[in-house]
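Subject: Structure handover

Hi there,

Here is the structure I promised to pass on.

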Amino acid sequence: MALLQISEPGKSLAPHQRRIAVGIDLGTTNSLVAIVKDALPKVLPDSKGRELLPSVVRFLPNGQTQAGFEALESVVSDPKNTIVSVKRFMGRGIVDVDHIENAPYDFVDEPGMLKLRTVAGDKSPIEVSAEILARLRQLAEDSVNDEIVGAVITVPAYFDDAQRQATKDAAKLAGIEVLRLLNEPTAAAIAYGLDNATEGIYAVYDLGGGTFDISILRMSRGVFEVLSTGGDSALGGDDFDHRLYCWVIEQAKLPPLSLQDHRKLLLSCTHAKEQLSHNPLARVHETLTDGTVVNVGISQAQFFEITQNLVAKTLVAVKKALRDASLKPEEVKGVVMVGGATRMPHVQRAVGDLFGSKPLNNLNPDQVVALGAAMQADLLAGNQSKDDEWLLLDVIPLSLGVETMGGLVEKIIPRNTPIPVARAQDFTTFKDGQTALAIQVVQGERELAQYCRSLGRFELRGIPPMAAGAARIRVTFQVDADGLLSVSAMEQGSGVQASIDIKPSYGLTDAEITRMLQDGFASAKVDLLARSLREEQVNAQRLLDAVQTALNSDQSLLSDQERVAVEQEMKILKEVLNEETESAILRKAVDHAAKATDEFAQRRMNASIQKALAGKSVAEI
Amino acid sequence: MANLSASDDYFRFFGLDQQFQIDLSALDRAYLAVQREVHPDRHARGSDSEKRIAMQMAILSNTALQTLKNPITRGLYLCKLHGVDARLETNTAMPTAFLMKQMDWRESLDEHAEDLSSLEVLVEEVNQSKQETLTEVIQAIDGAKNYERAAELLRGLLFIDKFAIELDDAISALL
């Protein structure tokens, strides 16, 4: 006899109705995947019970790849083809990466983003990251024995547009639908705040393997509001390892090392650094390939001294973020510590001294970001009841601007503006009959464009010929909730929509992603046609579900005639969905049906705002 | 009551009265109430049109909040609603007394760039000047409804604000 499952009223959905979405922390050193199960977030272990997947990918001559622990074993023996800390290269050109000469790889400079030369060909950091993401997806699917509807992937808050876009592209390549790119400190705040029912102003100090973030948030019941954010997307635990490595070389008076010895000694230094978090002394003891024995002892005090400037660098960013939020350290109620590198006692002490309070460590600093991402993924998948939903208000970390005459930057959207946001800026022509215009978009705080990160050139074409200065071209810069930029343009005076040719210097086009998949992205040998049909089917079903929900709750916003028309559109779409196997035709049907429900969607949105504001004024009385 | 067709009036958008002096906590509450409905996270599983509309409304409410929260942009916005263009790019004419005071401040900043306590005295003076001007703006807008006068005062406030930021930068360079 079949047992019927009945859920308690108001409680979350029965298990079989839950849409499973995961949270992924794609870290510099390690990556994790977590889900919410029985209302609790949980990191998913692999078949051997390990929760951290080393962010290491090895390319083999036969085109196969290894990732995680398997790849980690070859870090010393095959340094050129075994990529570690690839996150440092995401969305970056060779000139953008500090100390790139220390990395053992053969780099290929490409416009926008570098590539790594391996035995399996030139690999973009996006492809390397996609290998890690594909493993995590597989791990999650094996673990829950079900399909994953999507993922929330975390990025450092201080990541710029190019780095975010690269992360999103990597997910696309790994066949993962990104529900949201979430800032790492914000994810930590969710996990921490919901766990501790926190109220007030908090700071999240996140020192990971390769990135540093500081975010200041106001947490109140059900709202996480980021007030300011700052950091350094190229500062992390790796730099402490490297500092120690240089010190050991100096002490042992070693000549320049081979790639293999470099990796070997660096691993030994990482190990010593970890020991120094618990022990007053540690020893770097390694035999190099030529038989030389390196044996150097180091005390906690010495280690603190040689890395003090790195800690100080983080504190400068903390002070800047506090200033941006117009706050003094004593106004911050607590500091949540995130990232493995915050285990170092001198980091703890420096942060504690600055804020005058003991840092909060009661969640595992390696896991807290993934746990928060899993909670947000569960929320976005629609598994929370409306009363339990929380609201996340985040900001853009770096100012967006355009380059003007003389290489100066005109800021369009200042840093720490809440997202999503859009700003329009008018441009004009400077020559008679000019029909095209190029705009250089930059991100950063410096006044000279050359010191900011260039996001790309946007070319406007098809401007009607006019006298110099007569055209008025309104360019709109929009940043969505993922922190990603899009640009649109319109010639105002004549009403001609200038066609805009967007040429960002980074990011993959759909065609490039398709090509990478065809070229044999090792972990995702998929049938492209099946994949695109599947995507359209998901879109169609989502529209049907959304409209059905809308009809159930807000039918009164439509006249009888309008309601019948909407229902008719849905009926047609349902038929196409059931029968159609051609993705392009299905897409057309979805577009058509969507257009027919636009007005309804707008009315519902307006009604809900009216209701929310009315509720507020009633509460005030 | 919110009037959404009037998205060109941010005050009405948040159900607030159209005046210079506003209750900032009421603005904050209205903003959060609207964001709870329109934020893209609330519509992650919605149709594409729902997502697009949610995004537009979320952007609108963020723009409205940013405009109303800061007294200078709020004042300039009120002037614009009443047909007075502050002409910030072209009109830089200022009363002589005002310009003299600005020059004094700048000299003071240059002379005492390394002296924290002198800079803090200057901060006090600048803040006081800002408060006085704001009081005049309140009278001009909420009292006399003289938007031309308000625009002139607000142009001055922009100068004061810019100087306050430079001063703040100088101070934080010393900390």
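Chain A has an average pLDDT of 87, and 90% of its residues score at least 70; pLDDT is the predictor's confidence in each residue, from 0 to 100. This is a predicted model, in which local features need pLDDT of at least 70, side-chain atom pairs count only at pLDDT 80 or more, and totals for chains, interfaces and linings use all residues. Residues are numbered from 1 along each chain as its sequence is written, while chains are lettered from A and ligands numbered from 1 in the order in which they are written.

Helices (H or I, at least four residues) and strands (E, at least two) are DSSP runs, numbered from the N terminus. Over residues 4–16 of chain A, pLDDT stays under 50, and the model has 10 contacts beyond four places in sequence for them. A contact here means that the C-beta atoms of two residues, placed from the backbone, lie within 7 Å. Where pLDDT is low, the predicted coordinates should not be read in detail.

Now to the sheets. In chain A, 3 strands form an open antiparallel sheet in the order E6-E5-E7, where strands pair if DSSP finds at least two bridges between them. Strand E6 (65–67) and strand E7 (82–84) of chain A are at the edges with a single partner strand each, so one side of each has no neighbour in the sheet. From one strand to the next, the twist averages 20°. Strand E5 (residues 56–59) of chain A pairs with E7(A) over 3 bridges, and Val57(A) has Ile83(A) as its bridge partner. Helix H2 (residues 125–144) of chain A packs on this sheet, touching E5, E6 and E7 of chain A, and its direction makes about 65° with that of E6(A). For such angles, axes are lines fitted to C-alpha atoms, for helices over the stretch in contact, and the values run from 0 to 180 degrees between N-to-C directions.

H2(A) also packs against helix H3 (residues 161–173) of chain A, at an angle of about 55° and with the axes 8 Å apart. The two helices are therefore oblique to each other (angles under 35 degrees count as roughly parallel, over 145 as roughly antiparallel, 65 to 115 as roughly perpendicular and the rest as oblique). On the H2(A) side the contact includes Pro125(A), Ile126(A) and Leu133(A), which meet residues of H3(A) including Ala166(A) and Leu173(A). By class, this contact has 8 nonpolar, 1 polar and 2 charged residues; Ala, Val, Leu, Ile, Met, Phe, Trp, Tyr, Cys and Pro count as nonpolar, Asp, Glu, Lys and Arg as charged, and the others, Gly among them, as polar.

Another helix pair is H7 (residues 300–324) and H8 (residues 345–355) of chain A, whose axes come within 10 Å and cross at roughly 40°. That makes H7(A) oblique to H8(A). Phe304(A) and Leu315(A) are among the contact residues of H7(A), and Val347(A) and Leu354(A) among those of H8(A). This contact has 7 nonpolar, 1 polar and no charged residues.

Finally, the two chains meet through 31 residues from chain B and 34 residues from chain A. On the chain B side, helix H2 (24–38) and helix H3 (48–69) of chain B are the elements that give two or more residues, and H3(B) provides the largest share, 11 residues. That side has 15 nonpolar, 9 polar and 7 charged residues.

Best wishes
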